[in-house]
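Thanks for sending this one over. Here are my notes, point by point, to read alongside the model.

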Amino acid sequence: MFTHNPFAALGDFWSPLVMQLYIVLMIVLVAAGTLFDIVHKGSARYFLDNWRRSKSRAQQVSGGELLSIAVKTGLVDVLASGEFCNARRRVAHLLTMYGFLLYVISTAVMVFSYSTASIWPQLWWLGGLMILVGGYWFWFFIRADVAAEGNSPFRVMHADLFILSLLASVTLGLIWAYLQTRASAGANVFFGLYVIATTVLFGSVPWSKFAHMFFKPAAAFEKRLSYANGTRSNLPGPADRPEQFGSARTSPRHY
C-alpha cells in the first residue's frame with residue numbers, strides 16, 4: 001500500500017494529461033488567488049507604505065546585517081516557525097507545514113512522471129499522515145478558542161476554511177488510496193470527494209488563510225529589520241519589568 005502510486009491506476013479511466021492539467025489549474029488558482037488577496041486586502045501596499053514611513057527615521061543597516069537578518073528569518077521564522085512561543089503549537093505547525101510540502105511535491109511527481117519508484121508513494125503517505133497528526137492535533141486541542149476560551153472543537157468559523165479543507169482533502173485522499181489498493185468499489189466515490197475537497201482548498205485562497213504562507217516570511221523579515229534599524233514598527237520599547245503570565249499553580253495559556 002505504501003509503495004503503490006495511487007495516481008497510476010487512474011490511467012485506466014482517462015489520460016494522464018487530465019490529472020496533469022488539473023494540477024496546473026490548481027497552481028494557477030493559487031497564484032491568481034494570492035494576487036487577488038494582495039490587491040483586495042492591500043497587503044503589499046501596507047508593507048510598502050510602512051517601509052516608506054519608517055525609512056526616514058531608520059538607522060543605517062549594513063549589508064552584512066541585512067544578510068544576517070535574512071538568514072535568521074529563513075532559519076528561525078520560516079524553517080523552525082520561531083514565532084510560536086507555545087511548544088505544542090509550534091510542533092503541530094511544523095508537522096503540518098513539512099507534511100504539506102512532502103505531500104504536494106510527491107503528488108506532483110507521481111502525477112507527472114508516474115514513477116514506479118517506491119520512495120514517492122512513501123513520501124506521499126508520510127506527508128499526508130504528518131498533516132493529519134498536526135492538523136487534527138491543532139483543531140481539537142491547540143486552537144486558541146478551544147484550549148484557552150473553552151469553546152467546542154466543532155465550532156466552525158470562516159477563518160477555519162483553510163485547515164478544514166486541507167484536512168478534508170488529505171483525509172479523503174488517503175482513504176481513497178487505501179480503498180484503491182483493496183480494489184474496493186467505494187474508491188471512486190472517495191476519489192470524487194477528494195477532488196472536490198482539493199479544489200475547495202486551492203480555489204478558496206482569497207477567502208482562506210492559504211496565502212499567509214507567502215506573506216509570513218516577508219512580514220517576519222520586516223519585523224526583524226524594524227528592530228535592527230530602531231523603528232520597531234512604531235511600537236514602544238520593552239518595559240523595564242515585563243508582565244509575567246501564569247503562576248506557580250497554573251501554566252501560561254497565552255499565545
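**Notes on the aromatic pairs and the fold**

1. A search of the whole structure finds 11 aromatic pairs. Here, rings of Phe, Tyr and Trp (its six-membered ring) pair if their centres lie within 6.5 Å, and planes under 30 degrees apart count as stacked, over 60 as edge-to-face and the rest as tilted. The rings of W124 and W125 make an edge-to-face pair, because their centres are 5.8 Å apart and their planes stand at 90 degrees. Both W124 and W125 are buried (buried is under 20% relative accessible area, exposed over 50%, partly exposed in between, with a 1.4 Å probe and protein chains only).

2. Before going further, a word on the ground rules. This is a predicted model, where local features need pLDDT of at least 70 and side-chain atom pairs count only at pLDDT 80 or more, while totals for chains, interfaces and linings use all residues. Residues are numbered from 1 along each chain as its sequence is written, and side-chain values use heavy atoms, leaving out hydrogens and water.

3. W176 and F191 form a tilted pair, 5.0 Å centre to centre with 45 degrees between the planes. W176 lies in helix α7 and F191 in helix α8, so this pair ties together parts 15 residues apart in sequence. W176 is buried at 1% relative accessible area, and F191 is buried at 8%.

4. Ring pairs also link F2, F7, Y103, W124, W125, W176, F191 and Y194 into a cluster. Elsewhere, the charged end of R143 sits over the ring of W139, 3.6 Å from its centre (the criterion is NZ of Lys or CZ of Arg within 6 Å of the ring centre and within 35 degrees of the ring normal).

5. On the fold: the protein has 9 helices and 0 strands, taken as DSSP runs numbered from the N terminus (helices H or I, at least four residues; strands E, at least two). Of its 255 residues, 33% count as buried. Among contacts (heavy atoms within 4.5 Å) between residues at least 6 apart in sequence, 73% join residues at least 24 apart.

6. Two backbone spots deserve a look. Most residues other than glycine have a negative phi. S81, in the loop between α3 and α4 (87-113), has a positive phi of about 50 degrees, and S81 is buried at 1% relative accessible area. A183, in the loop between α7 (161-181) and α8 (187-203), has a phi near 55 degrees, but A183 counts as exposed at 68% relative accessibility.
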